[in-house]
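These are my notebook entries on one protein model. I record what I looked up, entry by entry.

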Amino acid sequence: AVVTSTLLCMLLLSVNYSTLSNIFRTSIPLVLGDLIGIAVMTPLQLRAFLRWDTLRSLPLERIVEFAGFSLAIFLLLALTIWLGHHQQNLFYLLFLPVVVAAVRHGIDGACTALAITQFVLVGMLHFHGFDLTRFTEYQVLMLVLTLTGLVVGALCSERQLADESARIAALRLHEMQTEAARTARLNLVSGMAAALAHEVNQPMTAARALARSVQQILRMPD
C-alpha cells in the first residue's frame, strides 16, 4: 500500500497534476484507502474462492439474513452521515451489525459485512461531497472497524472449528467405546463358549473311556 501510494504521488508530481504540499495531504488518505481495500477485499475473495461450492447453493434464510444486515448497515450509515457532520461518534453504531455477523458466521460473516459497509460508506461520502479531511477521518474509523471485525470473525471461526473438532472427537470416542463394548461382549461369549465346551467335553471323554472299557470286557473270553 505504501509503495503504491508513493508511486502514484510521484506520477502526479511528474505530470504537474499536483503540488508537493498537496501530495503530503493526499498521501495519508491514499495509504489508508489501500490498507482498507486490502484488509476488506483480500479475505473476502479468499473465503469466496475456498467456499465457492457453498456460495452457489446458499439457503434462502441465509440470503434473507444478509439482506437484513445490508439494510441495517445502510440505515446506520445514512444516520451517521446525516447527523454526523460535526462528529463521528455515531459511526461506532456500525460495530453492532459487523460484530453480530462475525459472531454468527465467523470470518465469512465479518468479511461480507465489512465489504458492504465499505462500499456503502464510500458511496455516501462521495454523494455528500465530503472534503479530504472528513474523508480521512472516516477512513481511520473504517480501518478500526475492519480490524475489529476481522479479529472477532477469526476468533469466532477458530471457536467454531474447535467446537467441530471436539464434536468429531467425541463422536469417535463414542464409536471406540461402542466397538470396545462389542469386543468385550464377543470375548465374553467366546469365553463362555470355551468354558461350556470344556464342561461338555469332560463327561464325553469319560463316557468314551467307559465305552472302551465295556468293549474290552465284552471281548474277553468267559
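**Entry 1: a residue in a helix.** I looked up L143 and found that L143 lies in helix α6, residues 132-219. Helices here are DSSP runs of H or I with at least four residues, strands are runs of E with at least two, and both are numbered from the N terminus. I note that the model is predicted, that local features need pLDDT of at least 70, that side-chain atom pairs count only at pLDDT 80 or more, and that totals for chains, interfaces and linings use all residues. Residues are numbered from 1 along each chain as its sequence is written, and side-chain values use heavy atoms, with hydrogens and water left out.

Is L143 buried or exposed? L143 counts as buried because its relative accessibility is 18%; buried means under 20% relative accessible area, exposed over 50%, and partly exposed in between, with a 1.4 Å probe and protein chains only.

I then asked which residues L143 touches, not counting those up to four places away in sequence. They are L32 and I36, where a contact means heavy atoms within 4.5 Å. I also looked up L143 and A39, which are 104 residues apart along the chain, and their C-alpha atoms are separated by 8.3 Å.

**Entry 2: the start of the chain.** Helix α1 covers residues 2-14, 13 residues in total, and I found 18 Å between its first and last C-alpha, close to the 18 Å expected at 1.5 Å a residue. The expected span is 1.5 Å times one less than the number of residues. Just after α1, N16 takes a positive phi of about 55°.

V2 belongs to helix α1. V2 counts as exposed because its relative accessibility is 55%.

**Entry 3: the whole protein.** I counted 6 helices and 0 strands, and the pattern along the sequence is α-α-α-α-α-α. The protein is more spread out than a compact globule, because its radius of gyration is 38 Å, well over the 17 Å that the globule rule gives for 222 residues. That radius is taken over C-alpha atoms, and the rule is 2.2 Å times the number of residues to the power 0.38. Along the principal axes, the C-alpha atoms fill a box of roughly 140 × 40 × 30 Å.

Buried residues make up 27% of the 222 residues. Of the contacts between residues at least 6 apart in sequence, 76% join residues at least 24 apart.
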